[in-house]
Amino acid sequence: GLAVAQKGVQKDSKGNDLGLPEADQLALKARLELPSPRLALGQALRTIATAAVDISDGLVADAGHIADASNVGLQIEAGQVPLSAPAQMTLATGNASLADLLTGGDDFELLFTAPGSKSVEVIAAAKASGVAVTPIGEVSAGPSKVYATLNGAEMSLEKSGFTHF
């Protein structure tokens with residue numbers, strides 16, 4: 001979304017700048033400019049989740065905030081991260097890498113941790129709030145670290161996401 005907003009909807013000889021149809025680019029731009037925070041889900045998870053953060057700096061960067069605050073390790077299995085149709089298209093066309101999608105910002109989704117024993121409660125909270133949830137990784141005892149894997153092999157990431165300072 002941010003890349004589209006920064007570049008605007010532009011077309012080249014292939015039809016556009018990100019390998020996306022104009023309608024998808026406009027939808028991404030609208031989502032960036034008028035996000036739908038997952039307030040109902042966040043409220044439903046208050047007594048279930050052990051930590052939660054809005055993904056605005058990038059999945060890996062914001063997972064790092066949880067890892068640092070909780071002194072835990074977080075392993076994200078990249079193949080389990082749900083991707084929108086436009087994100088899947090940018091991967092297929094080679095206009096973005098999976099690392100780009102894991103570290104890009106402004107997703108405005110919730111990342112949270114919860115014990116496996118609370119899975120029934122998590123599913124009920126998701127259903128009640130109308131927001132799909134997907135398990136994408138595991139928490140381990142410290143030290144504070146976030147790493148992404150793809151089919152179990154650690155991925156090399158050049159950045160974690162947006163940094164404010």
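Of the 165 residues in the protein chain, 33% are buried, where buried means under 20% relative accessible area, exposed over 50% and partly exposed in between, with a 1.4 Å probe and protein chains only. The model is predicted: local features need pLDDT of at least 70 and side-chain atom pairs count only at pLDDT 80 or more, while totals for chains, interfaces and linings use all residues. Residues are numbered from 1 along each chain as its sequence is written, and side-chain values use heavy atoms, with hydrogens and water left out.

The accessible surface of the protein chain comes to about 9700 Å², and carbon and sulfur atoms hold 55% of this surface; the areas come from the Shrake-Rupley method with a 1.4 Å probe. The chain contains seven helices and six strands, arranged from the N terminus as α-α-α-β-α-β-α-α-β-α-β-β-β. Helices (H or I, at least four residues) and strands (E, at least two) are DSSP runs, numbered from the N terminus. Among contacts (heavy atoms within 4.5 Å) between residues at least 6 apart in sequence, 76% join residues at least 24 apart.

The largest nonpolar core has 20 residues. Such a core is a set of buried Ala, Val, Leu, Ile, Met, Phe, Trp, Tyr and Cys residues joined through side-chain atoms within 4.5 Å. The residues with the most contacts inside this core are L59, I76, L102, L111 and M155.

In helix α5 (residues 85-93), P86, A87 and T90 are buried. They lie on the same side of α5 because they cover an arc of only 105° around the axis, taken from the directions from the helix axis to the C-beta atoms. A85 and A92 are exposed on the other side of α5. The cover over the buried residues includes α2 (22-33) and α6 (98-103).

One salt bridge is counted, defined as a side-chain nitrogen of Lys or Arg within 4 Å of a carboxyl oxygen of Asp or Glu. E109 pairs with R38, with the closest N and O atoms 2.9 Å apart. Because E109 lies in strand β3 (residues 109-113) and R38 in the loop between α2 and α3 (39-44), the pair ties together parts that are 71 residues apart in sequence.
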